Amino acid sequence: MRIAYATCGAGPPLVRMPQLVSHLKYDWDSLVWRHWLSLLSSRHTVISYDLRGCGLSDREGVEFSFERYIDDLEAVVDAADLDRFAVFGMTGGGATAIAYAARHPQRVTHLVLLGSFVRATQSRLRLAANPSAKQLEEAELHLKAVGLAFEHDNPGMRQLYTSIRIPDGRPEHHRAFDDLMHVATTPANAVNSLRANFQIDIHDLAPKVRCPTIVFHARGDGVAPFDEGRSLAALIPGARFVPLESRNQFLIEDEPAWQQFVCEFQDFLPASLDAGLSGAADAALGGLTARERDVLELVAQGLDNHAIGARLGISERTVRNNVSIIFSKLGVSSRPQAIVRARDAGFGQKTGR
């Protein structure tokens, strides 16, 4: 199975997760993706790749599953010879990015997510106590409509799929999206890819993410409900949730939500890897309570939990709970990592311990 990938821009590496309606050969010329690529590559080396079964990736004999999507990301990262990098994931690509970050915490520096979810449609229905026949029927009808949309040359057949994702786009945006649908993949691959997405459930993976994370979600997203984005941010330790005033899942360049996204994205994702590590730590340190800062000061001085409790007049169990919260806020998974972050920020330099 061959996966096509390409790079553009200069700066620290940023992996852009693939979309079903996307194509490496045409994205730079498309109103749908051109402004996204310009933003992402303005300060980073962007590694983009086509989803399996789509674009320039192999289209025949393709197995579609969430595990294979994770395998593909691992293969692209290895082929591009990346060590540490940030990841930008939209919709189902965000779920794949989260799974990778949970499995490889030492490699992902930052996660930027948009329109992502904890559980996709059919996962939510499967786990519901009593999913109605109407709900299940709607999910299957959606897949059938997608197959028809990709099958017919008549753009009217593709309009439903397009209008759900960019309802407030102008006619030229809808035409650009339709054009990409026409070349992105085959009808069978489109249906099988979405069916695989419908099975995604990252409820157990999201809490394992240890890197700084920002979660964007449009309030009027017609594919992934707004509450899914909020739930996702709540599961990822220390994640920041940013609501966007838009109905478009794929933001267009001239809407106010796009400018909000650009500002938040550039503030969150550093232009250099070293700046990113210190900047993320500074932001996290600013969210510590006074008690947590006192505990972190003593952690940075090298004291164990018992000694910290004795110094502060609190129980060892309380210290342990505070340390766990500090780890979560700093996005670290071990005491040595916390000490490095703290000392870089000036902690641990007091005398008289």
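Biologist: In this predicted model, which side chain meets that of Asp 201 in a salt bridge?

Modeller: A salt bridge requires a side-chain nitrogen of Lys or Arg within 4 Å of a carboxyl oxygen of Asp or Glu. Here the N to O distance is 3.1 Å, and the partner of Asp 201 is Arg 119.

Biologist: How many residues apart are these two, given that the pair links distant parts of the chain?

Modeller: Helices are DSSP runs of H or I with at least four residues and strands are runs of E with at least two, both numbered from the N terminus. Asp 201 lies in the loop between α8 (187–197) and β6 (213–218), whereas Arg 119 lies in the loop between β5 (108–114) and α4 (121–127). Their separation in the chain is 82 residues.

Biologist: For the record, residues are numbered from 1 along each chain as its sequence is written, and side-chain values use heavy atoms, without hydrogens and water. Local features need pLDDT of at least 70 and side-chain atom pairs count only at pLDDT 80 or more, while totals for chains, interfaces and linings use all residues. How does Asp 201 count by its relative accessibility?

Modeller: With a 1.4 Å probe and protein chains only, buried means under 20% relative accessible area, exposed means over 50%, and partly exposed lies in between. Asp 201 has a relative accessibility of 29%, so the residue counts as partly exposed.

Biologist: Which parts of the chain does the salt bridge between Arg 103 and Glu 67 tie together?

Modeller: The closest N and O atoms of Arg 103 and Glu 67 are 2.7 Å apart. The two residues are 36 apart in sequence, so the pair ties together separate parts, with Arg 103 in α3 (residues 92–103) and Glu 67 in α2 (residues 66–79).

Biologist: Where do Asp 227 and Arg 230 both lie?

Modeller: These residues form a salt bridge with closest N and O atoms 2.5 Å apart. They are separated by 3 residues, about one turn of the helix, and that helix is α9 (residues 226–235).

Biologist: How many residues of β4 are buried?

Modeller: Phe 85, Val 87 and Gly 89 point one way from β4, and Ala 86, Phe 88 and Met 90 point the other way. Both groups are buried. The count for β4 is therefore, under the 20% limit of buried residues, 6 of 6.

Biologist: Which residue is the bridge partner of Arg 16 in β4?

Modeller: β2 and β4 run parallel and are joined by 3 bridges. In β4, Arg 16 has as its partner Phe 88.

Biologist: Which residue of β5 is the bridge partner of Val 87?

Modeller: β4 and β5 pair in the parallel sense over 5 bridges. The partner of Val 87 is Leu 111.

Biologist: What angle lies between the planes of the aromatic pair Trp 36 and Phe 261?

Modeller: Rings of Phe, Tyr and Trp (its six-membered ring) pair if their centres lie within 6.5 Å; planes under 30 degrees apart count as stacked, over 60 as edge-to-face and the rest as tilted. The whole structure has 11 aromatic pairs. For Trp 36 and Phe 261 the centres are 5.1 Å apart and the geometry is edge-to-face, with an angle of 65°.

Biologist: In which helices do Trp 36 and Phe 261 lie?

Modeller: Trp 36 is buried at 1% relative accessible area, and Phe 261 is buried at 0%. The residues are 225 apart, in α1 (residues 34–41) and α10 (residues 256–268) respectively.

Definitions and conventions: Pairing = 2+ DSSP bridges.
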